[in-house]
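Thanks for passing this one along.

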Amino acid sequence: MNTNHHTDPPATMRAVVQDRYGTSDTWHLTDIDLPRIEPHEVLVRVHAAGLDRGTWHEMTGRPYLMRLMGFGLRAPKHRVPGRAVAGTVAAVGADVTRFTVGDEVFGVSRGAFAEYAAAREDKLAPKPSTLSFEQAAAVPISATTALQGLTLGHVDANQRVLVIGASGGVGSYAVQLAKTFGAQVTGVCSASKADLVRSLGADHTIDYATTDPTDGPTRYDLIVDIAGNAPLRRLRRALTPTGNLVIVGGESKGNVTGGFGRSLRAPLLSIFVRQRLTMLASTEHHADLLTLTALIDAGEVTPSVDAIDPLDHAAHAMRRLEAGSVRGKTVIVMPHG
Ligand SMILES: NC(=O)c1ccc[n+]([C@@H]2O[C@H](COP(=O)([O-])OP(=O)(O)OC[C@H]3O[C@@H](n4cnc5c(N)ncnc54)[C@H](OP(=O)(O)O)[C@@H]3O)[C@@H](O)[C@H]2O)c1
């Protein structure tokens, strides 16, 4: 570890800790040792951390399939939740070449709901200069997923693009990014968030409570399906004959696979039809963070941060996310700011 610290990190830190799967009641705030960093990792002094649906899945261990996929069989593999991070480099591992102590960074870490988090060097990038730490923490996972979803779907200028789940973490970026590609965007969300989705640039909005977005006369070149678990045959109906479907996510009541079967069936069916049906498994790499930074610093994409909660209110923030009350993104800030 490089010992060239501005100020040496303390021995312990405040962190949200979770020792078993469950509701946000399993989260408690306590003092624990700082994470150890590997040679290719950076210790980030966390200023802000992003909250997203992935954090909910890791908290609950649902769908159960994910426990078999390496997230921890009986309890979360990582005791400290949260992954999206923005902060200042406090120490670097021996093999780190891109960062030095004091750099302002954002990206994906292990255990972001803490005063310090370890992050692989290749999952971090310099923080966009036009963003606060709070805004930057809202970018890494959600915006990267949106960018990868649109890229996988071959988004292009003048296409008709349907974003299902447009008012959420991923969707709020998908709408803005699709507009930067020159697409005509229809966003699906609840009526109370239609104003937000329009302010993000959507040309049209559809309220999923009153209107089935796959039912109308419009045929879309690309559907980015982030929410709702609509059946594949309905989604295909709303696509042009050679349109692209990208399944990003969507919550369902199924505890075992969580509706994942639809994502697996889509690529199989795609072999036999002219439409291209794909599922996204997002990956984290700093190249996407750099692409997003260029768009952010050019003023083309802005994180939609709805609420900023202190670390000791993290469970409250999670309950708001579960209740569907968040408009865009929620961010957690650390006691040391
Ligand atoms: N494939 C991947 O690699 C990947 C990566 C990241 C996330 N995901 C998944 O993507 C999904 C979305 O994540 P997120 O962080 O954006 O979640 P989020 O912030 O909770 O947003 C959920 C969105 O879904 C909308 N919605 C809820 N019920 C709906 C329905 N019946 N029909 C249409 N829209 C509905 C919500 O609209 P209102 O709030 O207006 O009701 C909101 O826009 C999750 O399932 C997550 O696990 C997948």
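The points below start with the ligand and then move to the pocket.

1. Bear in mind that this is a predicted model. Residue numbers run from 1 along the chain as its sequence is written.

2. Start with who is around the ligand. The shell has 25 residues, and the closest are S190, K193, Y208, E251 and L280. Sorted by class, that shell holds 10 nonpolar, 12 polar and three charged residues.

3. Where does the shell come from? Domain 1 (12–139 + 303–333) and domain 2 (142–279) each put in at least three residues. As for helices, α1 (53–60) and α5 (169–180) each give at least two.

4. A polar side-chain atom of Y208 is 2.5 Å from a ligand oxygen. V170 uses a polar backbone atom, 2.8 Å from an oxygen of the ligand. For H57, an N or O atom in the side chain is 3.4 Å from a ligand oxygen. As for cover, the ligand on its own has 950 Å² of accessible area, and the protein covers 79% of that.

5. Then have a look at the second largest pocket, which holds about 230 Å³ of space. It is lined by 14 residues, with I32, P35, V80, R110 and G111 the closest to its centre.

6. What is that lining made of? By class, the second largest pocket is lined by seven nonpolar, two polar and five charged residues. Strands β2 (28–33) and β6 (116–120) each supply at least two residues of the lining.

Key: Predicted model: local features only at pLDDT ≥ 70, side-chain atom pairs only at ≥ 80, totals over all residues. Heavy atoms only, no water. 1 Å grid on protein atoms, 1.4 Å probe; cavity = no way out; pocket = protein on both sides within 12 Å on 5 of 7 lines; lining within 4 Å. Points joined across faces, edges and corners; volume = space filled by probe spheres on them. Helix = DSSP H or I, 4+ residues; strand = E, 2+ residues; numbered from the N terminus. Nonpolar A, V, L, I, M, F, W, Y, C, P; charged D, E, K, R; others polar. Near = heavy atom within 4 Å. Polar contact = N/O pair within 3.5 Å; in protein donor to acceptor, adjacent residues only side chain to side chain. Areas by Shrake-Rupley, 256 points an atom, 1.4 Å probe, with all protein chains shown as cover. Domains from an automatic or database assignment.
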